[in-house]
Amino acid sequence: MKKVLYSSFFIILFLGACYTANKLSYFNFAYLYNKKNNFTNLENIVFNTSDSLSIVYLKVNLHDLLYDKAENEKNFKANFKIYYELYSSYESKSILDSSSFVYVDSLNYGIETEMIANFDVKAEFPGNYILYIILSDLNKKQSYSTVVNIYKESPNSRQNFLVKADDELPVFKNFISEEQKIKIISNNPNAKEIIVRYYNRQFFIAKPPFIYDKDKIFHFKADSIFTIKINTNNETGFLQLHKKGFYHFQIDSTAREGLTLFRFYDGFPEITTPSQALLPLRYFTTKKEFDIMRSHEDLKTAIDSFWLERAGNSQRAKAMIQKYYNRVQDANIFFTSYQEGWRTDRGIIYIIYGEPNYVYKKTDVEEWTYGEAGN
C-alpha cells in the first residue's frame, strides 16, 4: 500500500523563472494521453480559497523520481522542481502569475510513496484561467508538464468545493467508490447546508463522427434531493455514495453550477467482468452481432469467440484483447465526466485509433491529429 505525504516533509525553495515564450495553444499536449511518456503521476485538483487565491494540490509519485547521492553524501536524494505560469487563456502570451519550488527528499528512497504538494496561485474572481505546470526531475534531467483549468467565473464553481477522504487527504478523482468515505468542504463561510441532487440516468454511447444526430437534451429535474449540514469549519461530516449515478452538490440551488461526483460500478475505471467487457465492443460490431453476444448463455465465451474469430489464433487474440481494453481503461481515466470515459466522443476516437500524435488546446476546442500534420 502506498504512503501519501504532504509537502511539509520536504525542503522547499522558492525560485523565480520564466520558461514559455509562446501561447499555450501552440504547444503539443499529446503526451497527456500517452501513459508511456508520463514519468511521474501529476494528478491535480484546485480549491478556490478566496476571491484572490486558489490552492493547487499536485500528486507526485516519488518512486518514479531518480534518487542519487554525491560522493561526499551518505543518503540518496531526490531533487525536483515544480514551476508554474498562469494565463487568462490558451491564446494569451501574458503571464499573470508564476513561481517555482524546489523539493529535496532523502527519507523515502526505495519506497512506493506519493507526495501531495500544494501551493497558492493568485487567480482573481471573476474569471477562468489556465495554469501551466512543469515538474522537473533535477537528478534525471527530465521534465513533464501539464495544464490545469482554474474556474472562478462563477461563485458556484465546482472548484469552490474540496473533497477529502477519511484520511483527510484530498480526493483527486471525480468518481467515488461505494465504500469510500468522503467529506466536502465549502469556501462559503455563510453556508449552513449543501443541497444534493441525485441523478440515475442512462446515456447512449458516443456516436461515430459521421453521424449527425442531435444530442438529447438533459433534463435537470433530479431523481431525488436531500441536504447535508455544514459545521463551523465549513465542512460536512463523512458520507458515502451508495447508489450508482451522479450527485450534484450546491450551495445555491437557483444556479446550475456546483460539484458533481460520480458513482459507477465497483472496480471502475478497470474492466473486470464480462458484462463490462461486452459494452465497449459496440464500437465495431453490428447491432446483430452485439445482440447475439449479449444474449449468449456464457458471456465470457461469446466475447472470447468474438476476438478469436478476428485474430485467427489465441495468442494474437490475447494481445488484441489486452491492447483494446487497456485503451478502454485509459479512456475511463482521461475522459470520464457525466459518463464513463469510454462512452464519450474523445473516448471512441482514442479507443479505435489510440493516442493522437498532436493535441492542441484552445479555449473551447481540442484538436487531435493522427499521423504527421499536413499530410
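User: What are α4 and α5 to each other, roughly parallel or roughly antiparallel?
Analyst: This is a predicted model in which local features need pLDDT of at least 70, side-chain atom pairs count only at pLDDT 80 or more, and totals for chains, interfaces and linings use all residues. Residues are numbered from 1 along each chain as its sequence is written, and side-chain values use heavy atoms, with hydrogens and water left out. The axes of helix α4 (residues 314-335) and helix α5 (residues 345-353), as lines fitted to C-alpha atoms over the stretch in contact with angles running from 0 to 180 degrees between N-to-C directions, come within 9 Å and cross at roughly 150°. Angles under 35 degrees count as roughly parallel, over 145 as roughly antiparallel, 65 to 115 as roughly perpendicular and the rest as oblique, so α4 and α5 are roughly antiparallel.

User: In which hand does α4 pass α5, left-handed or right-handed?
Analyst: Both helices are DSSP runs (H or I, at least four residues; strands are E, at least two), numbered from the N terminus. A crossing is left-handed if the near helix is turned anticlockwise from the far one by less than a right angle, and right-handed if clockwise. By this rule, the crossing of α4 with α5 is right-handed.

User: How many charged residues does the contact of α4 with α5 have?
Analyst: With contact taken as heavy atoms within 4.5 Å, Tyr324, Arg327, Val328, Asp330, Ala331, Phe334 and Phe335 of α4 meet Arg346, Gly347, Tyr350, Ile351, Ile352 and Tyr353 of α5. In this classification Ala, Val, Leu, Ile, Met, Phe, Trp, Tyr, Cys and Pro count as nonpolar, Asp, Glu, Lys and Arg as charged, and the others, Gly among them, as polar. The contact of α4 with α5 has 9 nonpolar residues and 1 polar residue, and its charged residues number 3.

User: Is α2 oblique or roughly antiparallel to α3?
Analyst: Two packed helices are described by the angle between their axes and the distance between the axes. Helix α2 (residues 287-294) packs against helix α3 (residues 299-311) with axes 8 Å apart and an angle of about 140°. The relation of α2 to α3 is therefore oblique.

User: How many nonpolar residues are in the contact of α2 with α3?
Analyst: On the α2 side stand Glu289, Met293 and Arg294, which meet Leu299, Ala302, Ile303, Phe306 and Arg310 in α3. By class, this contact of α2 with α3 holds no polar and 3 charged residues, and its nonpolar residues number 5.

User: Which residues touch the most other members of the largest nonpolar core?
Analyst: A nonpolar core is a set of buried Ala, Val, Leu, Ile, Met, Phe, Trp, Tyr and Cys residues joined through side-chain atoms within 4.5 Å, where buried means under 20% relative accessible area, exposed over 50% and partly exposed in between (1.4 Å probe, protein chains only). The largest such core has 75 residues, and a second, separate core of 19 residues includes Val163, Ile184, Ala191 and Val196. Within the largest core, the residues that touch the most other members are Ile82, Phe119, Leu131, Ile133 and Tyr325.

User: Is Phe161 buried or exposed?
Analyst: Phe161 lies in strand β11 and, leaving aside neighbours within four places in sequence, is in contact with residues including Val46, Phe47, Ile184, Phe249 and Leu259. At a relative accessibility of 7%, Phe161 counts as buried.

User: What is the relative accessible area of Asn34?
Analyst: Asn34 is found in the loop between β2 (11-15) and β3 (44-48). Leaving aside neighbours within four places in sequence, Asn34 is in contact with Phe334 and Glu355. Asn34 is buried, with a relative accessible area of 16%.

User: What is omega of the peptide bond from Phe268 to Pro269?
Analyst: Pro269 lies in the loop between β16 (259-263) and α1 (274-278). The peptide bond from Phe268 to Pro269 is cis, with omega near 15°.

User: What is the phi of Asn234?
Analyst: Asn234 lies in the loop between β14 (224-229) and β15 (245-250), and is buried with a relative accessible area of 18%. Although Asn234 is not a glycine, its phi is positive, at about 65°.
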